[in-house]
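Hi there,

Here is the structure I promised to pass on to you. Have a look at it first, and then read my notes below.

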Amino acid sequence: MTMIEVRGLTKRYGPDTVVDDLSFTVEAGQVTGFLGPNGAGKSTTMKVILGLAAPTSGSATVGGRRYRDLPVPLAEVGALLDAGAVHGARKAHDHLLALAVSNGLPRRRVDEVLARTGLEGVAGKRAGGFSLGMRQRLGIAAALLGDPRVLIFDEPVNGLDPEGIRWIRDFMRSLAREGRAVLVSSHLMSEMAQTADHLVVIGRGRLIADTGVDEFLRDRGEGAVLVRTAEPAAFALRLTASGATVRDGVESSLLVSGLTGEEIGRLAAYHGIALSELTPQRPSLEDAFMELTKDSVEYQGAAA
Ligand SMILES: Nc1ncnc2c1ncn2[C@@H]1O[C@H](COP(=O)(O)OP(=O)(O)OP(=O)(O)O)[C@@H](O)[C@H]1O
């Protein structure tokens, strides 16, 4: 089910077109990674979805309605944009209670979201003394107050330690498993490979790719297979004769393209050649992303 729909969205600041005729959807039950180099327009797009910036043209809707038309916004969409935005002198519990009361949400939600984010033990402590990881949790607790079906996180793992990153990753996955739509921006492609089901990639405010994570890697994979054998030269001849392209890899391994791992294995068995390794090479998401966005990055470099 489509929960967020961005259609023909353009946002200009003075002469700068920051978001340029952008269209994509965010579906329920999935984590959608929103990727792009710095300045690509991710935060601006999220702000428009959340009614914090007005579109120059086009639209962004949550559950079919513009943010400002939602009767109880926090019950539809929760967001974590900037974890530093919590008033430092306020206690975690009081911060959440103030939000709940001012938004007409039941008070019991405060304890529920504190428990869900593992903050019960520090509910009475002032947020000013929280570590970045705890502030992120508090921000996520606030986003969950209205039990929304849609969640938006802007660079939630920025600056976190590995444990904090893992916690956020698992948390986003659990939110998606509950059927919620999760949109998360990041410039950490490797992180998205482990977290997202779907990717929306933008550069210079324009859509570059809108695809499943697996599909994204498969389409951009070279399909090369790393092969190790005690007889590399002899096997290379057999491979070439079977139509494969063979390059030298590290430590006298072979990088073979044009045949699948299974075909290579069968060919080796047929010729009685023992293999000590047969590993399909997948490009990292990082590599695929750099390749995909290099034009928009170069453009920005030239403009600067
Ligand atoms: N209020 C504003 N007024 C003028 N320009 C703005 C405003 N907000 C953002 N911009 C510009 O719009 C461009 C896109 O910014 P945005 O923050 O949306 O990108 P981003 O993809 O989130 O990048 P980052 O990962 O660096 O946060 C940038 O060049 C930024 O300077």
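Ala-92, His-95, Leu-96 and Leu-99 in helix H3 meet Leu-138, Ala-141 and Ala-142 in helix H5; two residues count as in contact if their C-beta atoms, placed from the backbone, lie within 7 Å. By class, this contact of H3 with H5 has six nonpolar, one polar and no charged residues. (Ala, Val, Leu, Ile, Met, Phe, Trp, Tyr, Cys and Pro count as nonpolar, Asp, Glu, Lys and Arg as charged, and the others, Gly among them, as polar.)

This is a predicted model: local features need pLDDT of at least 70, side-chain atom pairs count only at pLDDT 80 or more, and totals for chains, interfaces and linings use all residues. Residues are numbered from 1 along each chain as its sequence is written.

H3 (residues 92–102) and H5 (residues 132–144) pack at about 25 degrees, their axes 10 Å apart. Helices are DSSP runs (H or I, at least four residues), numbered from the N terminus. Axes are lines fitted to C-alpha atoms over the stretch in contact, and angles run from 0 to 180 degrees between N-to-C directions.

Now for the ligand. The residues around the ligand include Tyr-13, Lys-42 and His-187, where a residue counts if its C-beta atom, placed from the backbone, lies within 6 Å. Helix H1 (residues 42–49) gives the largest share of this shell, three residues. By class, the shell has three nonpolar, seven polar and one charged residues.

Enjoy exploring!

Methods:
Helix = DSSP H or I, 4+ residues; strand = E, 2+ residues; numbered from the N terminus.
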